[in-house]
Amino acid sequence: MRALHIITGLGVGGAEQQLRLLLRHLPVECDVVTLTNPGAVAEGLTADGVRVTDLGMRGNRDLAALPRLAGIVRSGGYDLVHTHLYRACLYGRLAARLVGVRAIVATEHSLGDSQLEGRRLTAGVRALYLAGERLGRATVAVSPAVAARLRAWGVPAPRIGVVPNGIDLARFRFDPAARLRTRRRLGLPEDAFVVGCVGRLTAGKRFAVVVHALARLPGDCRLLLVGGGPEEAALRRTAQEAGVADRVLLTGERPYVPDGTPGPDLPSLTAAMDVLASPSPDETFGLAVVEALASGLPVRYASCPALDHLPARGARRVSGGAGAFARALAEVRAAPPGPRTTPEAAHHYDITRSAARLMDVYAATVAGRPLPSPASPTPQGVSSP
């Protein structure tokens, strides 16, 4: 089978890095087209031996990109086209249909209750999304929560598959040597209590809540913010105004897998933390939470659909703002450290399992058969540590 993946951009983002990780485990010959922004993940894919083409699209309304994209699909002789992210799903599905490819799969990475990839869910966004969705044959949701939102929008249930995001468990396994090495490199005291946050620095992630929570915690507590994005300057101002600028460290975007980027990668940074805080109330999966659990970290989170139906040792939901997070983090700090072992909940999201489920979707889509029914874990709730 030959597959073409079309994605809006290849900067260091969750969907982009998830694509790279999946391609390392799919038994399929894959090429990638990025509509714009061939960033660090494009370089990483190329290093992995994947052919990456930059379409050079100039914006959402660059309609001249459509015939160029259709030409790439036609010349590649692909059995299947798989699209990722809003703009790529619109242009990619249409290009595939124009040249006669009917086996079209799209992954919905970022459909929240009130936003889609950071854009407000207006009637126009929804109408355009649904018009594009009808051009494909299957839409993959990264969690049952996203699948439920798609059904509520009117996407027929037989067209929806659930393939959760996957993680490389071996890479996130706790390494005490990496913990010491990373703390020394970052100038973090070995005895500091380090709160971590991981994700794009956008308003929707609500990382300012944790900055304000830090101001209520003792002076030995530090905040390690891993990610880049438009809210970086605002978060620095918030830290300054809260009087904790000297206790907040921003690392910038970090890769999941080695790609030559200077500095520690995400697993090493996770090893350096003592707890992960995820204050966003509108997650579509909660990848950072699952990765933290794989590293044996306790986690305090506002929303994590990945854990909605799984017991997870060390994970606890927090309702409320800075005060609630400060209390929850103080409880972790006061408790004796637990073993940094991987709980069963994280094993549920091993990348090899996700790749196998995606292959089932591919086989059904190419054959024109109904999608396989998703295997859902038995609802048990999320346990306290």
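These legends walk through several close-up views of one predicted model. Local features are described where pLDDT is at least 70 and side-chain atom pairs where it is 80 or more, while totals for chains, interfaces and linings use all residues. Residues are numbered from 1 along each chain as its sequence is written, and side-chain values use heavy atoms, leaving out hydrogens and water.

**View 1. Confidence along the chain.** The mean pLDDT, the predictor's confidence in each residue from 0 to 100, is 91 for the chain, and 94% of the residues reach 70 or more. Over residues 376-385 the pLDDT is below 50, yet this stretch has 26 contacts (heavy atoms within 4.5 Å) beyond near neighbours in sequence.

**View 2. An open sheet of seven strands.** The strands follow the order β3-β2-β1-β4-β5-β8-β9, with parallel pairing. Helices (H or I, at least four residues) and strands (E, at least two) are DSSP runs numbered from the N terminus, and two strands pair if DSSP finds at least two bridges between them. At the edges, β3 (51-54) and β9 (160-162) each pair on one side only. From one strand to the next, the twist averages 25°; axes are lines fitted to C-alpha atoms, for helices over the stretch in contact, and angles run from 0 to 180 degrees between N-to-C directions.

View 3. Strand β2 (residues 29-34) is joined to β3 by four bridges, and Thr34 has Asp54 in β3 as its bridge partner. Helix α1 (residues 14-23) packs on the sheet, touching β1, β2 and β4, and its direction makes about 165° with that of β1. Helix α4 (residues 86-98) touches β1, β4, β5 and β8, with its direction at about 160° to that of β4.

View 4. Six of the six residues of β10 (residues 193-198) are buried, that is, under 20% relative accessible area with a 1.4 Å probe and protein chains only. Phe193, Val195 and Cys197 lie on one side, and Val194, Gly196 and Val198 on the other. Six bridges join β10 to the parallel strand β11 (residues 221-226), where Cys221 stands opposite Phe193. Two bridges join β10 to β13 (residues 275-278), with Gly196 opposite Leu276.

**View 5. Cysteines without partners.** Counting pairs of cysteine sulfur atoms within 2.5 Å as disulfides, the total is zero.

Key: Buried means under 20% relative accessible area, exposed over 50%, partly exposed in between (1.4 Å probe, protein chains only).
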